[in-house]
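Hello,

Here is the structure I promised to pass on to you. Please have a look at it first, and then read my notes below.

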Amino acid sequence: MWQRVTGFVTRCVLSAADWKAAGHLSGGFLTLRGNDMLIRAFATRACRSARTVEKTAVKLFACPSCTQQLYFENTRCLACDSIVLYEPRQAMFVVAGASGAIACANSEQCACNWVAAKPGGFCRACQLNKTIPDLTVGGNRERWIRVEAAKKRVIYSLLSFGLDVEPKSAPGSEVGIAFDFLADPSGGGGPGGERILTGHDNGVITLNVAEADSPEREKRRIAMGETYRTLLGHFRHELGHYYWDRLIRDDAAWLDRFRATFGDERPDYEEALKLHYATPPAADWQMRHISAYAASHPWEDWAETWAHYLHIVDTLEMADSLKWSIGAMELASGPLLTPDTDRGAGRDDGQDPGDDGAEYPPASTGAAFDATLGRWIVLSNASNSINRCMGLPDLYPFVISQVVAEKLAFIDDLLRR
Ligand SMILES: [Zn+2]
Ligand SMILES: [Zn+2]
Ligand SMILES: [Zn+2]
């Protein structure tokens with residue numbers, strides 16, 4: 001049975017009781033395909049709560065001089081020619097030089113467009129860098145620029161949630177973030193064939209800068225059987241590990257809730273990863289996890305789900321910033337359906353996310369995150385359909401099961417407490 005969520009919630013006006021009574025509606029309230037139970041459950045939950053994403057939509061910005069629209073990466077206003085800098089404290093752009101706004105010391109090095117935290121210093125994001133790529137190596141500056149662009153997006157998100165984003169006060173300190181952007185030793189490996197592994201250790205995020213090259217990243221994505229692999233995804237995932245340490249590990253109440261939702265993290269992590277790579281994932285992993293890798297250990301499940309939470313809220317925030325009315329999209333969708341199946345429509349060499357042969361139970365957690373999730377289903381389905389029209393892979397090649405929805409709701413609860 002094909003279980004991929006491919007319906008549109010076309011209008012969100014029914015109560016849970018209405019849904020129960022109406023069942024499979026034909027009057028245009030829902031267009032269902034595939035796992036209609038799941039869609040209906042999301043619709044029901046979305047109807048119960050009129051709450052929408054509460055984050056202020058600021059993914060598009062305005063020039064402080066002329067109000068021309070600016071993008072997050074802009075360094076200059078194309079309308080009035082002002083040199084602009086991003087000010088993370090206020091989440092807005094300022095004119096360089098005005099009110100003491102000085103460019104980050106990395107502005108010439110890696111096209112950083114953020115305000116320096118102090119005169120002559122680095123910005124809030126660059127001051128987290130412990131190791132930058134060797135710029136005497138050809139191509140590394142371009143790689144670093146791409147790495148920084150992805151990193152700044154995730155730092156923006158963390159700050160918008162009010163999370164502590166501080167550099168380490170001392171090497172080895174548990175608190176604080178440090179980035180190591182490293183390359184494999186020349187020749188592709190060290191004396192023992194060592195390679196730089198992207199990962200997290202006690203707040204130190206290591207990224208192999210080879211991941212900034214699309215061909216290399218694509219090669220790794222295929223080798224790992226993944227449907228999605230990006231620099232931004234790496235940062236969101238690895239920082240998820242750090243914030244688990246900060247927000248969950250030492251808080252008994254949240255740790256209990258974590259174990260109830262994600263499972264007991266105490267089984268040996270290294271052994272779990274070895275087992276994951278040695279054996280294929282369970283056929284029904286999508287019932288419980290957002291990705292096959294998430295099934296390897298509760299810590300990885302957490303980091304993967306954390307990354308998806310940021311994927312969802314950030315993309316919805318951009319849709320809001322663009323003034324896309326998802327409600328209007330729901331109404332306009334009418335009888336339109338997403339393409340018939342994901343098979344062959346997405347990646348042709350990764351795992352097929354839509355054919356696990358399992359049946360998803362209806363989602364009915366009633367959490368505050370439901371409205372966000374309902375909107376995400378509409379937006380991600382629309383975006384997937386648009387991508388397919390262009391012959392591109394799905395924007396969001398994932399299934400959100402009931403269990404995964406509860407995990408996302410857990411993170412929402414944690415970040416909005
Ligand atoms: Zn301007
Ligand atoms: Zn900077
Ligand atoms: Zn991880």
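**What I found**

Gly139 sits in the loop between strand 7 and helix 4; helices (H or I, at least four residues) and strands (E, at least two) are DSSP runs, numbered from the N terminus. This is a predicted model, in which local features need pLDDT of at least 70, side-chain atom pairs count only at pLDDT 80 or more, and totals for chains, interfaces and linings use all residues. Residues are numbered from 1 along each chain as its sequence is written, while chains are lettered from A and ligands numbered from 1 in the order in which they are written.

Gly139 counts as partly exposed because it has 13 C-beta neighbours inside 10 Å. For that label, a residue is buried if 20 or more other C-beta atoms lie within 10 Å of its own, exposed if 12 or fewer, and partly exposed in between, with C-beta atoms placed from the backbone. The C-alpha atoms of Gly139 and Ala210 are separated by 10.0 Å, although the two residues are 71 apart along the chain.

Next comes helix 4. Its 21 residues (140–160) should span 30 Å at 1.5 Å a residue, and the end C-alpha atoms are 30 Å apart, which agrees; the expected span is 1.5 Å times one less than the number of residues. Among the buried residues of helix 4 are Trp144, Val147, Ile155 and Leu158. The buried residues of this helix pack against several elements, including strand 8 (178–182), strand 10 (204–208) and helix 9 (298–321). Just after helix 4, Gly162 takes a positive phi of about 75°.

Now to strand 8. Phe179 and Phe181 form its covered face, whereas Ala178, Asp180 and Leu182 form the uncovered one. In a regular strand the side chains alternate between the two faces of the sheet. Strand 8 runs parallel to strand 7 (residues 129–131), joined by two bridges, and it also runs parallel to strand 10, joined by five bridges. Two strands pair if DSSP finds at least two bridges between them. Phe181 stands opposite Leu207 in strand 10, and Phe179 is the bridge partner of Asn129.

Asp81, between strand 4 (69–70) and strand 5 (84–87), has a positive phi of about 70° although it is not a glycine. Asp81 counts as exposed, because it has 10 C-beta neighbours inside 10 Å. Ala91, in the loop between strand 5 and strand 6 (92–95), is not a glycine either, and its phi is positive, near 50°.

Best wishes

Key: Contact = placed C-beta atoms within 7 Å.
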